[in-house]
Amino acid sequence: MNNFNYYAPTKVIFGKGTEEEVGKLVKAQGARKVLIHYGSGSVVRSGLLGRVERALEEEGLPYVALGGVVPNPRLSLVYEGIALAKREGVDFILAVGGGSVIDSSKAIGYGVANEGDVWDYYDRKRQAEDCLPVGVVLTIAAAGSEMSNSSVITKEEGGVKRGYKNDICRPKFAIMDPQLTLTLPDYQTACGCTDILMHTMERYFTNGGNMELTDRIAEGLMRTVIRNARILRDDPQDYEARAEVMWAGSLSHNGLTGCGNGGDDFMTHGLEHEVGGMYDVAHGAGLAAIWGSWARYVYQECLQRFYQFAVQVMGVAPEGEPEAVALKGIEAMEDFYRSIHMPTSFAELGIAPSEAELKELAHKCSIAAGGKKGSAKVMREEDMLAVFRLAAQR
C-alpha cells in the first residue's frame, strides 16, 4: 500500500427535489452575485432553469446567465464567461448541467480569479492560484466533475483538448437529483456509464501498488454500474438505477477508487482527448472505442490486475492460464459496451483516420502527456500510435 492524500470537500445533497435547496446553498457560501452556467435548451424546456432562478430570487441573490455549453466544452465560451463575470461583478458560479458545463464553469472560475490567459493552465504553462467558488446542480451522471479536481476544455484552434487538475476548483456543493436524468437520450446515458467505468478503471489498472479495500470498492462500483447500465438500457425510467449510477459517477472520480494503489494511468483518457479534439465525438463513446485496443496492448505488463478484473468484475471463471483469463475479461468488457450500444473501434465510432491523422493524434497525445504517460504500461509516442492503429484496424 502506498501513502496517499484523500481530499473530497464537496458537500453532496442527494435525492428527489433537492434542486429546490439551491438558493439557500448558494447564499450559505456568501455569494453576492451569481453566474448561472448551463448547456442547451433542455434545462430551459424542462423548467429546471426557471426553478433555479426562482430559488436564487427567493434568497435575494442577483444573477446573470450564460448558456451554450456543448460536449467537449469550448475555450471561446470560457472566454465569453470570464468577460461576463468580470463585467457583472460575479463572485459565484452555479453550474446547471453535466460534466461539460461543470468543466466550463471551473475554467471560467480560474479565468476570473487569476490574471492572464486561462488556457495557460490547460497548456501546462503555469498553475492557478485561485478559482471562483463553483456549485453544481447535476443533470447528467458521467464525468464526476461535480466532486473532482479536474476540468477538460477544447481549444477550437487546432482542435486541442486538454485537461487541468487543481484542488482549488472542487465544487463547494453538488445537488444530485436522479430524477433530472430520467429524460436523457439512451446514447447519452450509455456514454455516461462508460465514462464512470473508465474513471475507475484508469485507477484500477496500475503497477503502482495494491490496497485490498480500495480494490473491493472499485470492483463493487464497476459491477454496480454494469448491472444498472443494463437496467437503464431496458427501462430508462428506473429511478433506482438512475440513483445508483449518479452516485457511482461522483465516487468514481473524487479520488476514492485510487487510494493507496498508486492508480493514475489515465492513458485511455489521454488518447480519447486527442480523438475528441480532432473529431468532436462523445467522450464516453470515444473511450469505449479505444479501451479494448489499449487493454490488448498493455495487459501483459499488468497481468495480475487484468486477471483480477476479469474474475472480480466481469465474472470470468478463474480457470486456465492467467493470460487467457485476462483476455476473456477484456472480451467480456467489450461485449458489455456493445450491449449498451457503445462502439469498440474507430469504425464503430464513425471515424476513419488516415495514417497521417493517426500520427498527428499520437504526437499531440505525447505532447499533452509530457512525453510519456501510464501506470499499467508507461507509454510513449510510438506506443500511443500503436494503440491508435489497433483501434483503426479493428
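This is a predicted model: local features need pLDDT of at least 70, side-chain atom pairs count only at pLDDT 80 or more; totals for chains, interfaces and linings use all residues.
Visitor: Which residues have the most contacts inside the largest nonpolar core?
Guide: Those are Met201, Trp291, Trp294, Phe306, Phe309 and Met333, in a core of 102 residues.

Visitor: And which helix gives the largest share of this core?
Guide: Helix H11, residues 283-298, with nine residues.

Visitor: Phe306 is in H12, then. Which residues of that helix are buried?
Guide: In H12, residues 303-312, the buried ones are Arg305, Phe306, Gln308, Phe309 and Ala310.

Visitor: What do they pack against?
Guide: The buried residues of H12 pack against helices H7 (186-204), H8 (212-234), H11 and H13 (322-339).

Visitor: New topic: asparagine 254. Where is it?
Guide: Asn254 is in the loop between helix H9 (239-252) and helix H10 (267-279).

Visitor: Buried or exposed?
Guide: Asn254 counts as buried because its relative accessible area is 2%, and the cut-off for buried is under 20%.

Visitor: What does it touch?
Guide: Not counting residues up to four places away in sequence, Asn254 touches Tyr6, Tyr7, Ala8, Met147 and Arg170.

Visitor: Which polar partners does the side chain have?
Guide: One of them is the side chain of Tyr6, joined to that of Asn254 by a polar contact of 3.2 Å. A polar atom of the Asn254 side chain also lies 3.1 Å from the backbone nitrogen of Leu256.

Visitor: How far is asparagine 254 from serine 145?
Guide: The two are 109 residues apart in sequence, and 8.1 Å apart in space from C-alpha to C-alpha.

Visitor: How many cavities of 30 Å³ or more?
Guide: The structure holds one. The largest cavity has a volume of about 70 Å³.

Visitor: What lines it?
Guide: The lining of the largest cavity is Ile140, Ala141, Thr181, Leu184, Gln188, Thr189, Cys193, Leu232, Arg242 and Val245. H7 and H9 are the elements that give two or more residues to that lining, and H7 gives the most, with three.

Visitor: Last one, the strands. How do S2 and S3 pair?
Guide: Strand S2, residues 34-38, pairs with S3 in the parallel sense over four bridges. His37 stands opposite Leu66 in S3.

Notes. Residues are numbered from 1 along each chain as its sequence is written. Side-chain values use heavy atoms; hydrogens and water are left out. Two strands pair if DSSP finds at least two bridges between them. A nonpolar core is a set of buried Ala, Val, Leu, Ile, Met, Phe, Trp, Tyr and Cys residues joined through side-chain atoms within 4.5 Å. Buried means under 20% relative accessible area, exposed over 50%, partly exposed in between (1.4 Å probe, protein chains only). Contact means heavy atoms within 4.5 Å. A polar contact is a pair of N or O atoms within 3.5 Å; within protein, one must be able to donate a hydrogen and the other to accept it, and residues adjacent in sequence count only if both atoms are side-chain atoms. On a 1 Å grid over the protein atoms alone, a cavity is a set of points where a 1.4 Å probe fits but cannot get out, and a pocket is an open set with protein on both sides within 12 Å along at least five of seven lines; lining residues have an atom within 4 Å of a point. Grid points are joined across faces, edges and corners, and a volume is the space filled by probe spheres set on the points.
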